[in-house]
Amino acid sequence: MTSGDHGAQQSTRNAHDQIRPFRVEVPQAELDDLRERLGRTRWPVEPGGVGWSRGVPVGYLQGLAEYWRTGYDWREHEERLNQLPQFTTTIDGAGLHFIHVRSPEAEATPLLLIHGWPGSIVEFQELVGPLTDPAAHGGDPGDAFHVVIPSLPGFGFSGPTADTGWTYDRIAGAFVELMTRLGYERFGVQGGDVGAFVAPVVGRRAPERVLGVHVNALVTFPSGDPAELEGLTEAEQQRLARMRHFQDDMMGYSQIQATRPQTLAYGLTDSPAGQLAWIVEKFKEWTDPAAELPEDAVDRDHLLTNVSIYWFTATAGSSAAHYYDVYHDPAAWQPKGRGTVPTGVAVSLTQDVAVRRLAERDHNVVHWSEFERGGHFAAMEAPEFLVGDVRAFFRKLRGT
């Protein structure tokens, strides 16, 4: 079904199920308000010589905020977003926003791409062309995909959500319904960060429909059985140490979002400098350590477009509330049977924590790859690698 087919199909749907065209159109008054707020930011005092050890340095954030205020052109990037066909529909009571780009190749595989936090649809912006039209990007037309990129409920243009309880399972159910409405009976899934949790659940909910699940930034949790960790390679031991360090020293954001997201929302919704700091910290800590600053790993304008979406949609609170919903969902942490859908895992050697034997305990892993350059945000840091790995994984599965 092409995007032009939506109108014909709407006559057979009730209003609740309709798919509606969408354009990003931020009012000028909101742009003016952002610049005014940034211009009168009340900056905190910072101890000398602490660098990034206690969070984002004042001097760094002042410079980035000033560029956001006077140098960054939202209208340019808004237009770039609007070059991609976007839609909304209502599923499970929530307005769900998504990008839907059909490939020129009729036999292309439908592919659902799921972003994470503090990401957005912007993560996948540079992947759309190579995935949908590989022939135009030096690739094999047989590797083409029709791509569907939803904003997670409560994130960006799918928010703020009016209710609670947006767990991994509920999100997965909404995304399966989205693919049904688009006429895709069989499809693949790719996700990183939150997407790496949701994508396998999509596979568990609809194993007969999901061709394969590809993830990056996968987290694998030891069960507590010492035998499970015997004989790990040095690299795997380093990944476990990285996970312990994350749990000991880098989870403050997660604990706040998982316990008091509403309190956090006041500061981030009222202060663009606060919203900027909350997100940019993660682009410093989670990107390739070889990058001295976040913009050395991810294009500065690309990063600010991502932050701007959170700001203009006022979704700091509802995106944080996702953590609360998951952490307070007993089903999310209960042992589950091993997934049956073929799964591919891409691992950043600089940032990820996934251990293969633990991944294989939980998932039907048929593809495992490791990449040296780039970190947690693979779609933004190492897009060429991620595109190539997604192609290679699904190439094995086509026709099954």
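Colleague: What is the volume of the largest cavity?

Modeller: This is a predicted model: local features need pLDDT of at least 70, side-chain atom pairs count only at pLDDT 80 or more, and totals for chains, interfaces and linings use all residues. Numbering runs from 1 along each chain as its sequence is written, and side-chain values use heavy atoms, without hydrogens and water. A cavity is a set of points, on a 1 Å grid over the protein atoms alone, where a 1.4 Å probe fits but cannot get out. Probe spheres set on the points, which are joined across faces, edges and corners, fill the volume; for the largest cavity it is about 100 Å³.

Colleague: Which residues lie closest to the centre of the largest cavity?

Modeller: Lining residues have an atom within 4 Å of a point. The largest cavity has 16 of them. Strand E6 (187-192) and helix H17 (378-381) each give two or more. Closest to the centre are Glu123, Gly192, Asp193, Asn216 and His376.

Colleague: How many residues of each class line the largest cavity?

Modeller: Ala, Val, Leu, Ile, Met, Phe, Trp, Tyr, Cys and Pro count as nonpolar; Asp, Glu, Lys and Arg as charged; the others, Gly among them, as polar. On that basis the lining has 8 nonpolar, 6 polar and 2 charged residues.

Colleague: Which helix gives the most to the lining of the second largest cavity?

Modeller: The second largest cavity holds about 50 Å³. Leu31, Leu34, Arg35, Trp68, Arg69, Tyr72 and Trp74 line it. Helices are DSSP runs (H or I, at least four residues), as are strands (E, at least two), numbered from the N terminus. Helix H3 (58-70) supplies at least two lining residues, but the most, 3 residues, come from H2.

Colleague: How far apart in the chain are arginine 37 and aspartate 270?

Modeller: They form a salt bridge, with the closest N and O atoms 3.1 Å apart. The term means a side-chain nitrogen of Lys or Arg within 4 Å of a carboxyl oxygen of Asp or Glu. Arginine 37 sits in helix H2 and aspartate 270 in helix H10 (residues 261-270), a separation of 233 residues.

Colleague: Is arginine 239 buried or exposed?

Modeller: Arginine 239 pairs with glutamate 370 in a salt bridge, at 3.2 Å between the closest N and O atoms. Buried means under 20% relative accessible area, exposed over 50%, partly exposed in between (1.4 Å probe, protein chains only). Glutamate 370, at 40%, is partly exposed. Arginine 239 has 5% relative accessibility, so it counts as buried.

Colleague: Which element holds arginine 80, the salt-bridge partner of glutamate 126?

Modeller: The closest N and O atoms of this pair are 2.9 Å apart. Glutamate 126 is partly exposed at 39%, and arginine 80 is partly exposed at 32%. Glutamate 126 lies in the loop between strand E4 (109-114) and helix H5 (128-132), whereas arginine 80 lies in helix H4.

Colleague: What accessible area do Phe221, Tyr327 and Trp333 have together?

Modeller: Patches take residues with over 30% relative accessible area and no salt bridge, joining like charges within 9 Å and nonpolar side chains (Val, Leu, Ile, Met, Phe, Trp, Tyr) within 5 Å. Tryptophan 333, in helix H15, is partly exposed at 45%. Areas come from the Shrake-Rupley method with a 1.4 Å probe; for residues, only the protein chains shown count as cover. Together the three form a nonpolar surface patch of about 300 Å².

Conventions:
1 Å grid on protein atoms, 1.4 Å probe; cavity = no way out; pocket = protein on both sides within 12 Å on 5 of 7 lines; lining within 4 Å.
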